[in-house]
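User: I've got a model open here and would like to go through it piece by piece. Can you take my questions as they come?

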Amino acid sequence: ENTNCCSEWERRVTLIKQGKCPEDGWDESTIELFLHELAIMDSNNFLGNCGVGEREGRVVSGLVARRHYRLIHGIGRSGDISAVQPKAAGSSLLNKLTNSVVLDVIKLAGVRTVTSCFVVPMATGMSLTLCFLTLRHKRPKAKYIIWPRIDQKSCFKSMITAGFEPVVIENVLEGDELRTDLEAVETKIKALGAENILCVHSTTSCFAPRVPDRLEELAVICANYDIPHIVNNAYGVQSSKCMHLIQQGARVGRIDAFVQSLDKNFMVPVGGAIIAGFNESFIQEISKMYPGRASASPSLDVLITLLSLGISGYKKLLKERKEMFSYLSSELKKLADNHNERLLDTPHNPISLAMSLKNLNETNDAAVTQLGSMLFTRQVSGARVVPCGSVQTVNNYTFKGFMSHANDYPCAYLNAASAIGIKKQDVDVFLKRLDKCLKTFRKEKMQI
C-alpha cells in the first residue's frame, strides 16, 4: 500500500514538474485525489477563511460545489485569462497544467512546432471572434476578412460578430471535390489592398465534398502579402492529415493561430476551445484580450479526460478513428452501389464522406429532406442530407446552395463522418437503417 501511495504521489509531482500528458492514463481515484489537493489550495476552502469581497467563491449548493470539485474561483484575473489569481492557487495551477498538457497533445497529434496555446471557455466560433478582435489592434485600417466558403454558420458569424466584412471566395469543383480557389484569393487581395484585409480565414475539418483548404499555398500567399492567417481547425486535432496541413503551412508560410473545439476532439461537454499558434507573444495577446475571469469547467473537463486517457489512450482513439473511417468508406460504397448511387470521390477529406442521392432527388423535391427526417426519427444523429439549390440568408448574406459549400453542386447527397470515439457498431447500425430507408423510397417509386 505504501508503495502504491508513493507511486501515485510521484505521478502527480511529475505532472506538475513536466506539464506533459502522462504516457499511461491515471485511474479515477488518483485523478480525484489530485483535484482535491488542488482545491484545498484555493482560499474559499481554507479553514477559518474570512472573505469580505464580492467574489469569494461562495457556493450555496453542496451538489454544485462537488460537481466542480470545490474549484470555484475560475481561471485568470479581470485583465488576463492566463494570469495567476493569488487567492486561487489551486485553480491557477489547474489552468497552467491544462494548457501545458493540451500543448503536449497538439504536438503529439502532428503540429510539432506549436509554441503556445490556451483553453478558452467558449466554443470555436466565439474563439475565432476573439482572434479577429485581437488582430483589429494590429491592423486598424483593415475591414475585410478573406474567407474560402464553408457552409457552417458559426465560423461565418464569428467574422460578423467581430465587426468585419467577410469576402466570400467560392470554391472550385475538381472531380467531386470542392477545393480552394487560390487564384481568386490572390485576385481579391490585390483588388482590396493587403492593408485593408484583416486576415485570411481558412478551414481544415469540413463536411465532404468540401475538403480542407490548400493551407500551404494560402500560408505562402499570406506571407508574401504580409496578411495574418487564422485557421478554423474545429475538429481537426483528431486527423493527422489536418494537423500535417497546419504544420506544413507554418513551415512554408504564415499561420498566426489555429482554433479547435474541445468537445469534438476530446469528447468533453460543449463549451470550450483551444487557441494555439507558433508565436507565443501573439497567443498571449489573444488571451489578454479576453475580458474578465473565466469558467474553469472546460479546463477541468479536458484535464480529467487527458489524465484518464494518457498518451497511449489518446493515440489508441486516433488509430481507431482512422480504422473506422476506412471501414465506413468501404461499407458506404457498397451500400451506394446497391442503390444505384455512388460514394463521392473525396480523397482529400480525412473525416467526412458523402454519398450521392441522385435517384432520390428525382423522386420528388421533398424526398431528400424527408430522408433526413426518417434517419433522425430512427435515432441516427450526425448524418446530414443536402438537397440541391437550397437558399439561406445568414446575417444579411444570401448563400445559394447552402450546406453544399457551392452555388450549384451537381447532385444532392448525404454526409456521414468517422469522428473520434465512433465504434463499429455505430457504423453497422447506421448503414442498416439507411439501407431500410432507401429501400422504402425505392418501393414507393415502383408503386408510382
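This is a predicted model: local features need pLDDT of at least 70, side-chain atom pairs count only at pLDDT 80 or more; totals for chains, interfaces and linings use all residues.

User: Is A234 buried or exposed?
Analyst: The cut-off for buried is under 20% relative accessible area. A234 comes out at 11% relative accessibility, so it counts as buried.

User: Which residues is A234 in contact with, leaving aside its neighbours within four places in sequence?
Analyst: G271 is 37 residues away along the chain, and its C-alpha atom is separated from that of A234 by 13 Å. As for contacts, with neighbours within four places left aside, the list for A234 reads T124, S205, V259, Q260, S261, K264 and N265.

User: What is the strand order in the open sheet of seven strands?
Analyst: The pairing in this open sheet is mixed. Strand 1 (116-120) and strand 3 (165-169) are the edge strands, each pairing on one side only. Neighbouring strands are turned by 20° against each other on average, direction ignored. The order is 1-9-8-7-6-2-3.

User: Which residue of strand 9 stands opposite F118?
Analyst: Strand 1 and strand 9 (residues 273-277) run antiparallel and are joined by five bridges. Helix 4 (residues 89-109) lies across strand 1, strand 8 (257-261) and strand 9, at about 120° to strand 1. The residue opposite F118 is I275.

User: How many nonpolar, polar and charged residues are in the contact of helix 5 with helix 6?
Analyst: Helix 5 (residues 124-138) packs against helix 6 (residues 153-161) at an angle of about 35°, with the axes 8 Å apart, and the crossing is right-handed. On the helix 5 side you have G125, L128, T129 and F132, which meet S154, C155, S158, M159 and T161 in helix 6. By class, that makes four nonpolar, five polar and no charged residues.

User: Which residue in strand 14 stands opposite R384?
Analyst: Strand 11 pairs with strand 14 (residues 413-417) in the antiparallel sense, over three bridges. Opposite R384 you'll find N415.

User: Within what arc do the buried residues of helix 14 fall, seen down its axis?
Analyst: The buried residues here are A367, V368, L371, M374 and L375. An α-helix has 3.6 residues a turn, so residues three or four places apart point the same way. The buried residues of helix 14 line one face of the helix, because they fall within an arc of 110°.

User: Which exposed residues are on the face of helix 14 turned away from its buried side?
Analyst: Just after helix 14, Q379 takes a positive phi of about 65°. Back in the helix, the face turned away from the buried side carries the exposed residues F376 and T377.

Key
Residues are numbered from 1 along each chain as its sequence is written. Side-chain values use heavy atoms; hydrogens and water are left out. Two strands pair if DSSP finds at least two bridges between them. Helices (H or I, at least four residues) and strands (E, at least two) are DSSP runs, numbered from the N terminus. Axes are lines fitted to C-alpha atoms, for helices over the stretch in contact, and angles run from 0 to 180 degrees between N-to-C directions. Contact means heavy atoms within 4.5 Å. A crossing is left-handed if the near helix is turned anticlockwise from the far one by less than a right angle, and right-handed if clockwise. Ala, Val, Leu, Ile, Met, Phe, Trp, Tyr, Cys and Pro count as nonpolar, Asp, Glu, Lys and Arg as charged, and the others, Gly among them, as polar. Buried means under 20% relative accessible area, exposed over 50%, partly exposed in between (1.4 Å probe, protein chains only). The arc is that of the directions from the helix axis to the C-beta atoms.
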